[in-house]
Amino acid sequence: MKQNENNGMMQARVPVAHPMIVMASMMIGAFVGMFSETSLNIALPQLMNHLNVAAGTIQWLVTGYMLVIGIVLPFSSLISKWFTTRQIIIFGLLAFIVGAVVSALSTAFPMLLVGRMIQGIATGLILPMMFTVAMQVFPPYKLGAAMGMCALVIMFAPAIGPTLTGLILAKLSWNWIFWAFVPFLVIALLFAIFGLKNVGELTKPKVDVLSLLESIIGFSGIVMGVSFASEQGWASPLVLGSLIVGIIVLALYVKRQLALAEPVLNLKIFAIPAFRTGAVLVMLDFGIILSAMYLLPMYIQRGLLLPVALTGIIMLPGGIINALVSAVAGRLYDKVGAKTPVRLGLIIALVGAVMLIFTTTHTSIAYLIAAHVILMVGAPLAMSPAQTYALNSLQGAQSGDGSTIMNTMQQIVGAIATALATSLLGIGQAAYQNHHGSGHLSAAFTNGTHYGFYFTIALIVVGLLASLRITTAKDAEK
């Protein structure tokens, strides 16, 4: 019996000769997708001038992208039961290339927005498939390392986004941000055509149209509501209306999925304690990263009054550390389980976040880099083990549902975290100006970022409390 268990640990669910070649197309596509999600922030002021649109309009290049991802992601589990892995990934990569070219050639805002939304479709398809395929082609004893590589893709792209975008904008026009995607996507497409294998079983279940509509309306309402809130305020009728409709419809969607014999998304897996705990930790960690990475570049430019290109260079050491720790963290799970890396990572992240609330308009670049590096040690150290802990508790088709659920929730949590950080930034600015007058713009903005980092700290504390529910080292494998 023990020998059979050992053989099970040595065998992947879908044995392949070269798992990394199978994963290459999805990892490159997911990297470009996550890079695209965050890299455009630094270029928005230039795009406003070039396209002659206001800030509220230009933000839709970010919001629209996240909105489409949030709509597509919940369908990915259903799509994977109707279409093969190769069909989904090749279509997604082709869509991404088309979206990048449309965006790069854009001469007006509507055309650029359409290109961005096409890219969102691709990212929404590729992201969950990357984790689902990894669960199938790697044996359990290598799964932590594989998830670490996937986490590296997810976390490294946003970390180096400001650096690469700043360097591009220093020498070239904004169009080259999108042209830069194309060669990588073509390479990914070649890997998909020649190296990708089909995994999973095509069951072609009945499509529940009402569930699909509820999913679209529910997730769209929430993402649109929190996205509008940062500019129009949380009391805005549009924001409140979007959130109320989104929450009500999403509640109906959840109720329907729990009742259906063949749900679009198997939400019953939340009854598994290890998945529930790991998923919550992943969501909190993603919120920590996105809120901090949204605030930090703006503080560098508007608090310290440093140029865009230097902003990217300042954030580069943290990006490199992020990549290294993401890869190591997966291997730590294989050796010691999730409990120690997750708790240690969150404690380290707490130190970095606390350092950021002591910044001023005269903070040294060395101090800022140190705080960023510490945060980028802690957050990825917690992310990959928590994700592996959650997904390793699932069996068979549950893996696809778990991957889809966590990736969908990441987009929702990312939008909410960014909106809350933006709202707190405005509150902090207003509080400073009420006490010191309106002439200290950089000092007021710095105070606003402190309010935003308080939110980051709150997420870390909640994460530490949630980590107490990780009861055994490899509880998810039971």
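This is a predicted model: local features need pLDDT of at least 70, side-chain atom pairs count only at pLDDT 80 or more; totals for chains, interfaces and linings use all residues.

Author: Leaving aside neighbours within four places in sequence, A349 is in contact with L375, G378, A379 and I460. A349 itself belongs to helix 16, which covers residues 339-356. Its relative accessible area is 1%, so A349 counts as buried, the limit for that word being under 20%.

A329 is part of helix 15, residues 308-336. With a relative accessibility of 0%, A329 counts as buried. Apart from residues up to four places away in sequence, A329 touches P380, L381, S384 and P385. P341 is 12 residues from A329 along the chain, and the C-alpha atoms of the two are separated by 7.2 Å.

R116 sits in helix 8, which runs over residues 109-137. This arginine is buried, since its relative accessible area is 1%. If residues up to four places away in sequence are not counted, R116 touches S36, E37, L40, L61, V62, Y65, S103 and F178. For the protein as a whole, there are 22 positive and 12 negative side chains. The centres of these two sets lie 5 Å apart.

The structure holds eight aromatic pairs. In one of them, F31 with F35, the ring centres are 6.3 Å apart and the planes meet at 25°, so this pair is stacked; the cut-off for stacking is under 30 degrees. Both residues lie in helix 2, residues 19-39, and they are four residues apart, which is about one turn of the helix. F31 is partly exposed because its relative accessibility is 25%, whereas F35, at 8%, counts as buried. The rings of W174 and F178 also have their centres 6.3 Å apart, but their planes stand at 85°, so that pair is edge-to-face. W174 is buried, with a relative accessible area of 2%.

Now for the whole protein. Its secondary structure consists of 19 helices and zero strands. Of its 478 residues, 57% count as buried. When contacts between residues at least 6 apart in sequence are taken, 83% of them join residues at least 24 apart. Along the principal axes, the C-alpha atoms fill a box of roughly 75 × 45 × 45 Å. A compact globule of 478 residues would have a radius of gyration near 23 Å, and the value for this protein is 22 Å, which agrees. The exposed surface comes to about 18900 Å², and carbon and sulfur atoms supply 71% of it.

Notes:
Residues are numbered from 1 along each chain as its sequence is written. Side-chain values use heavy atoms; hydrogens and water are left out. Helices (H or I, at least four residues) and strands (E, at least two) are DSSP runs, numbered from the N terminus. The radius of gyration is taken over C-alpha atoms; the globule rule is 2.2 Å times the number of residues to the power 0.38. Buried means under 20% relative accessible area, exposed over 50%, partly exposed in between (1.4 Å probe, protein chains only). Contact means heavy atoms within 4.5 Å. Accessible areas come from the Shrake-Rupley method with a 1.4 Å probe; for residues, only the protein chains shown count as cover. Lys and Arg count as positive and Asp and Glu as negative; His and the chain ends are not counted. The place of a charge is taken as NZ of Lys, CZ of Arg, CG of Asp or CD of Glu. Rings of Phe, Tyr and Trp (its six-membered ring) pair if their centres lie within 6.5 Å; planes under 30 degrees apart count as stacked, over 60 as edge-to-face and the rest as tilted.
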